[in-house]
Amino acid sequence: MARRIRKRVLMRLYDADADKYELRYGAEQMPKARDAFGMASPRYPVLDVGCGTGILLRELGMMSVGLDISWSMLRIAGSKARAELVLGDMERMPFRSGSFTTVYSLTAVQLAEDLVWAMSELARVAKDDSAIVVSAHRATEASGELARAAAMAGLHVISEKPPDDSNVDRMILCTKHPQ
């Protein structure tokens, strides 16, 4: 019950802030997208988990899917990006296992109730030998736990980029190998 209430509060907060999101955070989000593409070039189909207003999706184009918990964020993303958009929860994604070749999730996993569960969902929807790029804001506990959570979710961490002056997120590149 408390989990559902927390998710509803998050959804309402992002719905209320959607129109101002890029003014507040756009300059911060663009370097994250560049860093993510630098770690793993997109191979399609691509999933952007926590896509927000579609900053990353605009660079990806067709054969991309964006997932977000906020309808208002998706409305803005839909007006700016050519991608399929899905309203949903990163901890219970409505996709078949092994659906995506590249998965990005920038500054979203720290909002999960259970970081390992969220990373397990990223792993589940990724195809074998796919690239998964995940970031968490350095001011969150999740930032220091990303690599451990990825390993617990069965992912192999290939590289890690700590936060710096140009990007406030810790970012990891993982891969999913066949079990």
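In this predicted model, seven strands form an open sheet with mixed pairing, in the order β3-β2-β1-β4-β5-β7-β6. Strands are DSSP runs of E of at least two residues, helices are runs of H or I of at least four, and both are numbered from the N terminus. Two strands pair if DSSP finds at least two bridges between them. β3 (84-87) and β6 (156-161) stand at the edges; each has a single partner strand, so one side of each lacks a neighbour in the sheet. On average, neighbouring strands are turned by 15° against each other, direction ignored. Axes are lines fitted to C-alpha atoms, for helices over the stretch in contact, and angles between N-to-C directions run from 0 to 180 degrees.

β1 and β4 run parallel and are joined by three bridges. Val46 stands opposite Thr102 in β4. Helix α2 (residues 21-39) packs on the sheet and touches β4, β5, β6 and β7. Its direction makes about 30° with that of β7. Helix α4 (residues 71-80) also packs on the sheet, touching β2 and β3, and its direction makes about 175° with that of β3. Contact means heavy atoms within 4.5 Å.

The largest nonpolar core has 31 residues. Such a core is a set of buried Ala, Val, Leu, Ile, Met, Phe, Trp, Tyr and Cys residues joined through side-chain atoms within 4.5 Å. Buried means under 20% relative accessible area, with a 1.4 Å probe and protein chains only. Leu47, Val103, Val109, Met119 and Leu122 have the most contacts inside this core. Elements that each supply at least two of its residues include β1 (46-49), β4 (100-105), α5 (115-125) and α6 (141-152). α5 gives the most, with seven residues. Beyond its neighbours within four places in sequence, Val103 contacts Leu47, Val49, Leu122, Val125, Ala126, Ala131, Ile132 and Val133. A second, separate core of 17 residues includes Ala36, Met39, Leu56 and Ala131.

Eight of the 11 residues of α5 are buried, so this helix is largely enclosed by the rest of the structure. Among them are Leu115, Ala118, Met119, Glu121 and Leu122. The buried residues of α5 pack against β1, β4, β5, α6 and β7. Asp114 caps the N-terminal end of α5, with a side-chain oxygen 3.1 Å from the backbone nitrogen of Val116.

Residues are numbered from 1 along each chain as its sequence is written. Local features need pLDDT of at least 70, side-chain atom pairs count only at pLDDT 80 or more, and totals for chains, interfaces and linings use all residues, while side-chain values use heavy atoms, leaving out hydrogens and water.

Conventions
Buried < 20%, exposed > 50% of the residue type's maximum accessible area, 1.4 Å probe, protein only. Polar contact = N/O pair within 3.5 Å; in protein donor to acceptor, adjacent residues only side chain to side chain.
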